[in-house]
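Subject: Structure handover

Hello,

My notes on the helix packing follow below it.

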Amino acid sequence: MSRTHRLFELLQMLRRRRQPVSGSELAREAGVSLRTLYRDIAALQAMGAEIDGEPGVGYVLRPGFLLPPLMFSEEEIEALALGAKWVARRTDDALSEAAGNAVAKISAVLPQELRTRLEDDALLVGPGWERPQHVELTLLRRALREERKFAISYRDEKGARTQRVIWPVALGFFESARVLVGWCELRRAFRHFRTDRIETAHTLDARPPRRRQALVREWRQTMLTEADSSSAYSRSASRKPKGKSMAKELVFYTNP
């Protein structure tokens, strides 16, 4: 383990504890000598970490300290890099640019050994199934952030068009589709809309009568109820002779 990672792990040990912890306990957990532990404590203090205590008494880290160069382990860096690549390829232009900017900011505060890992192309994201979008996803994301209703013109899988007013709940990104979850005033229920079938959309001044987080909880409850019903139906159907099972996989993005 490099010294950088050792200091990071020591910082994490201190963050996990609210009460002073002895140097010997920290040294044992870190797998280093007590002398090395004291040097590492001094190094963190020199970097600005507000660690109170002294040998023979114990140490405690004051809340709120952030040490940018030691924020991430190697696996955390790989997770961030892979996630940023996925966002860059599978979302919209604004989020793609934001992902690149975020990676650049993270890279600027990393030590060289971790910066190299962040810029490594060992982990790749393959191409997704691209569909033409009539409405920019940025508009849908803005409606989610601002918690505003919006009106859409939607074309279902049979080609029928309807006008809807939606209370936005969530936006899901799948390998083969992007799906808007919302309460539909026309159907008076939660519905799921493939974004490539939304032909027009504009945000309204009106807000839903309940906060989005409350709507999320209600939507999840309906999904659990539907999943339970589907599971019970599947168990019943499985008792029929093979070849006649009518059990269906619950795929929530096919319900307009």
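Which residues are buried in helix 1? They are T4, H5, R6, L7, F8, L10, L11, M13 and L14. Buried means under 20% relative accessible area, with a 1.4 Å probe and protein chains only.

Some ground rules. This is a predicted model, in which local features need pLDDT of at least 70, side-chain atom pairs count only at pLDDT 80 or more, and totals for chains, interfaces and linings use all residues. Residues are numbered from 1 along each chain as its sequence is written, and side-chain values use heavy atoms, leaving out hydrogens and water. Helices (H or I, at least four residues) and strands (E, at least two) are DSSP runs, numbered from the N terminus.

Helix 1
Helix 1 covers residues 3-15. Its 13 residues reach 18 Å from first C-alpha to last, close to the 18 Å expected at 1.5 Å a residue. That expected span is 1.5 Å times one less than the number of residues. The cover over the buried residues of helix 1 includes helix 2 (23-30), helix 3 (34-46), strand 1 (51-54), strand 2 (58-61), helix 4 and helix 6.

Helix 1 packs on helix 3 at about 85 degrees, axes 10 Å apart. Axes are lines fitted to C-alpha atoms over the stretch in contact, and angles run from 0 to 180 degrees between N-to-C directions. The two helices are therefore roughly perpendicular (65 to 115 degrees). Helix 1 brings R3, R6, L7, L10, L11 and L14 to the contact (heavy atoms within 4.5 Å), and helix 3 brings T36, L37, D40, I41, A43 and L44. By class, that gives eight nonpolar, one polar and three charged residues. Nonpolar covers Ala, Val, Leu, Ile, Met, Phe, Trp, Tyr, Cys and Pro; charged covers Asp, Glu, Lys and Arg; the others, Gly among them, are polar.

Helix 4
Helix 4 (residues 74-90) and helix 5 (residues 93-108) have axes that come within 8 Å and cross at roughly 155 degrees. That makes helix 4 roughly antiparallel to helix 5 (over 145 degrees). L80, A84, V87 and A88 of helix 4 meet L95, S96, A99, V103 and I106 of helix 5. This contact has eight nonpolar residues, one polar and no charged. In helix 4, I77, A81, A84 and R90 are buried.

A49 sits in the loop between helix 3 and strand 1. A49 counts as buried, at 6% relative accessibility. A49 and R62 are 13 residues apart in sequence and 8.1 Å apart in space, C-alpha to C-alpha.

Best wishes

Note on methods:
Parallel < 35°, antiparallel > 145°, perpendicular 65-115°, else oblique. Buried < 20%, exposed > 50% of the residue type's maximum accessible area, 1.4 Å probe, protein only.
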